[in-house]
2 protein chains.
Amino acid sequence: MDDIIASYPVDGINRVKRRHDRGFYDHATVHALLDAAALCHVSYVVDRQPYCTPTLFWREGTRLFWHGSSASRMLRNQSGGQPVCLTVTHLDSLVLARCGFNHSADYRSVMAFGHARLVEDPEEKRRALVMMVDRFFTGRTAHLRLSTEQEIKATAVVSMDIERASAKIRAKGVVDEDYDLPIYAERLPVRMVLGKPEPCPRLMAGVERPTSLNNYGVDRALEKALSEAHVLAYRGDLTRSEP
Amino acid sequence: MDDIIASYPVDGINRVKRRHDRGFYDHATVHALLDAAALCHVSYVVDRQPYCTPTLFWREGTRLFWHGSSASRMLRNQSGGQPVCLTVTHLDSLVLARCGFNHSADYRSVMAFGHARLVEDPEEKRRALVMMVDRFFTGRTAHLRLSTEQEIKATAVVSMDIERASAKIRAKGVVDEDYDLPIYAERLPVRMVLGKPEPCPRLMAGVERPTSLNNYGVDRALEKALSEAHVLAYRGDLTRSEP
């Protein structure tokens, strides 16, 4: 691999040990897989008990953000520098081979490791609450009702600098050693797609779907829409906040 | 709730504290959400560092199974009764509201808690390796090349009795307090669907897709196919093993 490619450092925590041919550590691969997702699973430990909580998240540079209620257990236990692992998985197929052992799945996943910290600086928090919406829906915050102080207070935002990360990719379908046996084998693709938008039944008369949501079209792959939205959100001014 | 409904016990670990109206503990709800998934995320702890690893899994009664290489870190650290949390999440929509605070997502998730143990009994392991395939693809193992001793040895199977579990469901789309504002709001549905099967390019002449795979049809929801396959796998003889 070319030395000038920015990569996450690799050590015993994030090295892909098994099937190391499936492992990637460069920013481009890791970030692309993160930006193609809205949902992640965050692991953290409370009193030696691991928890695995699904949540929406987004990436900004080499930092990840997620949020929740200020009262939530997850966020209370992720506010003071606790170690966490945030994982994103795109399932691409189920693989049916000619023996049990070679059954598999195609997937693309990222495990990102770091320490979670509450975003406490008011300006940083305000900006994060904007990007929490605008990262997914381009420029949307500018058209929303302003957040109240109470809403901002009730929302906790957690961030994590990615200290280590690894991507793991399997994308090869059926790999067998029994091609001379009369057994059916296939790759069965799966994908996450967008359905038909369901406008709020209580929309005011004359309010139309903004064209900025056009990338969220029926039957599109969710990950394409999310990746596009991420590019649009971060190609411009990174410092804007609510009007 | 009716007392005679079988439920998982509830305590500080699995009680849904925030938004407790979204929490369910009964076997029927928890199991249905598990059986509708092939992919889970398993959290475990090694030297105080949490890990969140995606893997395929399946349920049998109140026990969960997953597998991997005998050499994998995850399985080496889940073989001796370590506490784990296995989480399944179905993302159903993104919710665009009239203010940032009410943006949300519809989802159905399960967090299952227990202690992971290596399946070491040879008969139990052999049977688990059959169900690892047959749970997804009805009766498929009977038509496969038999597993070799080496393959069985190279595969580690882990099981976890579900000691505690909670399901959390949000299924209400847009809920706002600003219906009198001229702002567009919608529920944007997402779903995981099956693509067109890709037969192995090296199939022997005359080998056809078995009709038992008919539930995995193009554009079907993956979760429907998985739920159906689970019913078929476990309505019959639970004790069969490889022929």
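Q: What does accessible area rest on here, and what does the accessible surface of chain A come to?
A: Accessible areas come from the Shrake-Rupley method with a 1.4 Å probe. In this predicted model, the accessible surface of chain A comes to about 10,500 Å², and 53% of that surface belongs to carbon and sulfur atoms.

Q: Why is B:Asp178 called buried?
A: Buried means under 20% relative accessible area, and B:Asp178 has a relative accessible area of 9%, so the residue counts as buried. B:Asp178 has its place in the loop between β8 (164–170) and β9 (186–194) of chain B.

Q: What makes β4(B) and β7(B) a pair of strands?
A: Two strands pair if DSSP finds at least two bridges between them; strand β4 (residues 63–69) of chain B and β7(B) have seven bridges, in the antiparallel sense, and therefore meet that condition. Within this pairing, B:Phe65 stands opposite B:Ser159 in β7(B).

Q: How do you know that β6(B) also pairs with β7(B)?
A: Strand β6 (residues 104–118) of chain B and β7(B) are joined in the antiparallel sense over three bridges, and because at least two are required, they count as paired. Here B:Arg117 stands opposite B:Ser159.

Q: What makes strand β7 of chain B mostly covered?
A: Six of the seven residues in strand β7 (residues 155–161) of chain B are buried.

Note on methods:
Residues are numbered from 1 along each chain as its sequence is written. Chains are lettered from A and ligands numbered from 1 in the order in which they are written. This is a predicted model: local features need pLDDT of at least 70, side-chain atom pairs count only at pLDDT 80 or more; totals for chains, interfaces and linings use all residues. Side-chain values use heavy atoms; hydrogens and water are left out. Buried means under 20% relative accessible area, exposed over 50%, partly exposed in between (1.4 Å probe, protein chains only). Helices (H or I, at least four residues) and strands (E, at least two) are DSSP runs, numbered from the N terminus.
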